[in-house]
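Here is my note on the model you sent over. I have kept it to numbered points so that you can follow along with the viewer open.

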Amino acid sequence: MNVQVGGIQSETGEMERALGTDPIPASPYFDPAYFELEREAVFRQGWLQIGHMAELREPGSFIVRPVEAAGASILIVHGKDGKLRAFHNVCTHRGTELVAEEEGKAARFTCRYHAWTFGLDGSLQSAPDFEQFYVDKADCALPSVHVDVCAGLIFINLAEGPVEGLCDWLGPLAERLESLPVARATTFTEYVYEIDANWKLAYDNFQENYHLRFIHSRSGAAAVGSDNPFGYPARYSFHDPHRTQTIWSNPNAAPTPVQAFAFGKGFQFAAADGFGANPHAKDYFALFPNFFLFGSPTQHFSHVVMPLSAERSRGVFRFYWIGDDDSASKRFAREYAVATGRDIHAEDRTVIEAGQRGLACGALKAIHFQANEVLCRHFFHQVDSRVQAYRETLGSPGATA
Amino acid sequence: MSGSASLLPSGFEALEPFVAGWAIAGTANRAHRRSDSNEADRLAFYDAARALAPAALELLDRKSLAVFDEREERLMNLMLSLAHVALAVESQGPDEARHTQSRQHMKITQTTADRSS
């Protein structure tokens, strides 16, 4: 694979030309007013990754997940008929949050306030003294939310009315995702962080490699080399609104003793699962708006950056696995893989917060993306085009600086 | 067989002194133990555990995780602690103390190792 060191090698180059080279306004990375527009234009429209079928394996199983950016709590249910459904987690009587548990198995859901009881399909089954109401039960079903699955990954769409299908939204990436271990995953390991940073600033850190040699000088030694001193990706691709990069790694990097031992075992298990020669093993998927997935079968992690406010976010990393730990070596290899990822990602968190503090002081009116930060530029354009389009529908002034 | 020697399967007596400090159940607990250790503590454990890791996993792989006896469970947990400590020794080196401050924000919520097998 040829790497253009110090430059970029995208599939066409057309996107880079279309995106331009201008500075990017700084205020969208800290301005609360801009964030309020993003809530509507980004998080209440379009598909959001929210879970995995490994969490909903049996009929009757459910999960409840917050989507703070949309001010929503979402109940996702595996019905007795095998169908997956999603609802706003609100009782249709007077809006009480219906299910308090984060996950579980149920035959029905009963509101603790007045005991309105809903079936797994969201229909209102019973309500005490319902004759006193002035509405039909058929009109009291839980408010449904669009839900669909690709590669085992559960996506929701909070828009009302018809929406673009998930497969259309993902485009050609859907087939690639289906070829990855995540599509067959039955379990996962998870670590979570909160961060004082705008969600875009946090997300950007994980789609540019310019920082690798500085922030991950120890943990990411194999990501850079004399042929590629900044560890720039081998390739970028754009799949509006999504983007991918193909990670470059130093073929001459010598692994440390336990690293070689643990990853050697990890590769053996990946090969046994049929992923010994996965063509997408170095592909890093960035699905709009806030989801990452790394194709590596030994470090097969996803990362969601969920906005909590204009300057606070929550990140969730999940390492997906096929099958439970069934041997000591597999357990050891997984423990090491996760600890390695956590080490690297911890380093990112600290410097992202420093970036937020600098931006939030307002001293900068613009920030700069170089050629190899083109994915960040593409991401901003995707967000901003939606924000500006939504702003136009409001008919109010106050455009981006 | 002495009392201390019975803590681990035969052949792993060299790891006996580390059982109390490093044979820890739970991924988050092991990660915390790494962060709560000093360099000498880590190096002593790393040197002993790394040398015996291939033999330990070869032995443990002969049985199902679900039927480990107490001695095998301790050896398993020592190996899992090695996964964490190796990163401190082999990768972070002199930066480990500073790195610990960053790592504490990454909360481990669930792992496959924490689920019963």
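Predicted model: local features only at pLDDT ≥ 70, side-chain atom pairs only at ≥ 80, totals over all residues.

1. Chain A exposes about 16500 Å², and carbon and sulfur atoms supply 51% of that area. Accessible areas here come from the Shrake-Rupley method with a 1.4 Å probe, and for residues only the protein chains shown count as cover.

2. Residues are numbered from 1 along each chain as its sequence is written, chains are lettered from A and ligands numbered from 1 in the order in which they are written, and side-chain values use heavy atoms, leaving out hydrogens and water.

3. Now the overall build of chain A. This chain has nine helices and 19 strands; helices (H or I, at least four residues) and strands (E, at least two) are DSSP runs, numbered from the N terminus. The radius of gyration of chain A is 22 Å, close to the 21 Å that the globule rule gives for 401 residues, so chain A is as compact as a globular protein of that length. That radius is taken over C-alpha atoms, and the rule is 2.2 Å times the number of residues to the power 0.38. Along the principal axes, the C-alpha atoms of chain A fill a box of roughly 75 × 60 × 35 Å.

4. How much of chain A is buried? Of its 401 residues, 58% count as buried, meaning under 20% relative accessible area, with exposed over 50% and partly exposed in between (1.4 Å probe, protein chains only). Among contacts (heavy atoms within 4.5 Å) in chain A between residues at least 6 apart in sequence, 67% join residues at least 24 apart.

5. Chain B has five helices and one strand, in the order α-α-α-α-α-β from the N terminus on. Its radius of gyration is 14 Å, close to the 13 Å from the globule rule for 117 residues, so chain B is as compact as a globular protein of that length. In chain B, 49% of the 117 residues count as buried. Of the contacts in chain B between residues at least 6 apart in sequence, 72% join residues at least 24 apart.

6. Helix 2 of chain A (residues 32–43) is worth a visit. Its buried residues are A:Tyr34, A:Phe35, A:Leu37, A:Glu38, A:Arg39, A:Ala41, A:Val42 and A:Phe43. Their cover includes strand 2 (47–52), helix 5 (199–205), strand 17 (301–309) and helix 9 (374–394) of chain A.

7. Next, please look at A:His216, in the loop between helix 6 (212–215) and strand 13 (235–239) of chain A. A:His216 is buried, at 3% relative accessible area. Beyond residues up to four places away in sequence, A:His216 touches A:His211, A:Ala221, A:Ile344, A:Glu347 and A:Asp348. The side chains of A:His216 and A:His211 make a polar contact at 3.3 Å; such a contact is a pair of N or O atoms within 3.5 Å where, within protein, one must be able to donate a hydrogen and the other to accept it, and residues adjacent in sequence count only if both atoms are side-chain atoms. A:His345 is 129 residues from A:His216 in sequence, yet their C-alpha atoms are 9.3 Å apart.

8. Which residues does B:Ser102 contact, leaving aside neighbours within four places in sequence? They are A:Ala346 and A:Thr350. B:Ser102 sits in helix 5 (residues 96–103) of chain B and counts as buried at 12% relative accessibility.

9. Finally, some backbone details to check. Most residues other than glycine have a negative phi, and most peptide bonds are trans. The bond from A:Asp240 to A:Pro241 is cis, with omega near 5°, and a cis bond also joins A:Phe288 and A:Pro289, with omega about 0°. Phi is positive at A:Ala115, near 65°, and at A:Ala151, near 55°. A:Ala115 is partly exposed at 32% relative accessible area, whereas A:Ala151 is buried at 1%.
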